[in-house]
Amino acid sequence: MTKTLQMLLVGGLVAAIAITLVLLGNPANMGFCIACFLRDTAGAVGLHSAALAQYVRPEIIGVILGAFVASLAQKEFAAKGGSAPVTRFILGFSMMIGALIFLGCPLRMALRIAGGDLNAVVGLVGFVAGVLGGTFFLNKGYTLRRTYDVSRTDGFLLPVIALVLLSLLVAFPSVLVFSTEGPGSMHASLLAALVAGLVVGAVGFVSRLCFVAGIRDSVLFGEFPMLAAFTALIAVGMIGNLAFGSFNLGFGNQPIAHTDGLWNFLGMGLVGLSSVLLGGCPFRQLVLAGSGNSDSVVTVFGMAAGAALAHNFQMASSEAGVTLNGKIGFAVAAAAVISIAVYNTFGKESKGIAVAE
């Protein structure tokens with residue numbers, strides 16, 4: 001099987017799982033969203049008090065554990081870390097700010113396009129611009145330095161945390177916070193969501209699926225399989241939405257979305273730029289975190305912290321649009337990301353290219 005065909009199948013499978021999760025209760029056009037689901041999970045454990053976005057998403061737990069099991073089965077589990085952890089935390093934090101301006105990660109962006117949401121097409125243009133901006137810095141020598149082998153205990157910690165969250169969700173749900181309305185109250189059954197996450201996490205690890213890599217690799221290396229996965233995800237998702245009567249072409253009346261084109265563009269632009277500087281999109285970071293990469297664990301923690309701060313300080317967008325605090329938060333986050341890119345490209349310590357494996 002060629003790599004391109006493999007990635008076409010992977011993209012189609014992820015789309016089919018996402019469509020199924022929507023049919024089973026997840027919010028429309030949000031069958032799978034790393035940013036939204038991390039945001040909901042952060043709320044469920046008390047990191048923010050946004051009543052509409054609080055639920056421990058089993059999909060997140062599943063992705064971590066699926067990647068963990070797959071990496072062990074493939075004998076590729078590797079406990080590594082030590083590559084600019086504070087910088088990665090800030091990049092993860094900023095990436096989440098951009099995602100919550102847009103209202104979704106690159107995976108949800110593709111699913112929104114598949115549902116006919118033209119606001120997500122604007123987001124895609126911004127995402128491509130951000131990835132191209134990041135690729136410029138890579139070509140000029142951007143690096144966050146190498147990673148090092150660390151204790152296997154470090155690699156096991158996030159899967160253990162995922163198991164603890166799952167145990168709380170199953171046996172002691174009263175210690176968690178759950179939305180009674182809004183997106184956080186809409187979810188598939190625990191078992192279905194967990195199984196979906198396990199499958200997507202395992203497939204994501206084996207295939208190296210990354211929603212930023214298609215654009216980055218086509219520019220840097222002339223390689224296109226990841227673009228095939230992205231294309232298949234949109235195509236299969238669109239077929240599914242048409243089949244089940246949930247396709248709605250246009251800008252207005254889209255679920256959990258706003259129509260401010262400029263900020264859809266800018267939000268996903270920040271996500272694209274941050275993803276390239278980190279070496280992978282939010283989904284890829286979660287998969288790497290589950291397979292032993294403690295640098296990606298720090299990134300995921302940064303994303304969770306970004307979600308918490310965004311909701312605690314009214315920086316996250318809503319269907320009504322982007323808030324003033326959101327615009328200020330975006331400006332600060334964008335300045336931080338650009339400063340990191342410039343320093344680690346042109347600063348006296350920068351050498352080489354850092355791309356996640």
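Q: What makes Val86, Phe89, Ile90, Ile161 and Phe301 a nonpolar patch on the surface?
A: These five residues of the predicted model have about 430 Å² of accessible area together, as computed by the Shrake-Rupley method with a 1.4 Å probe and only the protein chains shown as cover. They are called a patch because such a group is made of residues with over 30% relative accessible area and no salt bridge, nonpolar side chains (Val, Leu, Ile, Met, Phe, Trp, Tyr) being joined within 5 Å. Helix 4 (residues 85-102) gives the largest share of the patch, three residues.

Q: Why is Val86 called exposed?
A: Val86, which lies in helix 4, has a relative accessible area of 60%, and the word exposed applies over 50%, with buried meaning under 20% and partly exposed the range in between (1.4 Å probe, protein chains only). Val86 is therefore exposed.

Q: What makes Ala84 and Arg208 partly exposed?
A: Ala84 has a relative accessible area of 24% and Arg208 one of 31%, so each is placed in the partly exposed class. Ala84 belongs to the loop between strand 1 (80-81) and helix 4, and its phi is near 50°, a positive value in a residue other than glycine. Arg208 is found in the loop between helix 8 (190-207) and helix 9 (213-220), with a phi near 65°, again positive in a residue other than glycine.

Q: Why is helix 12 (residues 282-290) described as largely enclosed by the rest of the structure?
A: Nine of its nine residues are buried, so the description follows from the count; among them are Phe283, Arg284 and Gln285. The helix itself is a DSSP run (H or I, at least four residues; strands are E, at least two), numbered from the N terminus. Just after helix 12, Gly292 takes a positive phi of about 110°.

Q: How do you know that Asp40 forms a salt bridge with Arg39?
A: The closest N and O atoms of the pair are 2.6 Å apart, and a salt bridge is a side-chain nitrogen of Lys or Arg within 4 Å of a carboxyl oxygen of Asp or Glu, so the pair qualifies. Asp40 is buried, with a relative accessible area of 0%, and Arg39 is buried at 6%.

Q: What makes Arg57 a partner of Asp40 in a salt bridge?
A: Here the closest N and O atoms are 2.9 Å apart. The pair links distant parts of the chain, with Arg57 in the loop between helix 2 (34-44) and helix 3 (58-73) and Asp40 in helix 2, 17 residues apart. Arg57 is buried, with a relative accessible area of 0%. Salt bridges that share partners join Arg39, Asp40 and Arg57 into one network.

Q: How many salt bridges does the structure hold?
A: The structure holds five, one of them between the side chains of Arg216 and Asp217 (2.9 Å, N to O), and both of these residues are buried.

Terms used: Residues are numbered from 1 along each chain as its sequence is written. This is a predicted model: local features need pLDDT of at least 70, side-chain atom pairs count only at pLDDT 80 or more; totals for chains, interfaces and linings use all residues. Side-chain values use heavy atoms; hydrogens and water are left out. Patches are made of residues with over 30% relative accessible area and no salt bridge: like charges are joined within 9 Å, nonpolar side chains (Val, Leu, Ile, Met, Phe, Trp, Tyr) within 5 Å.
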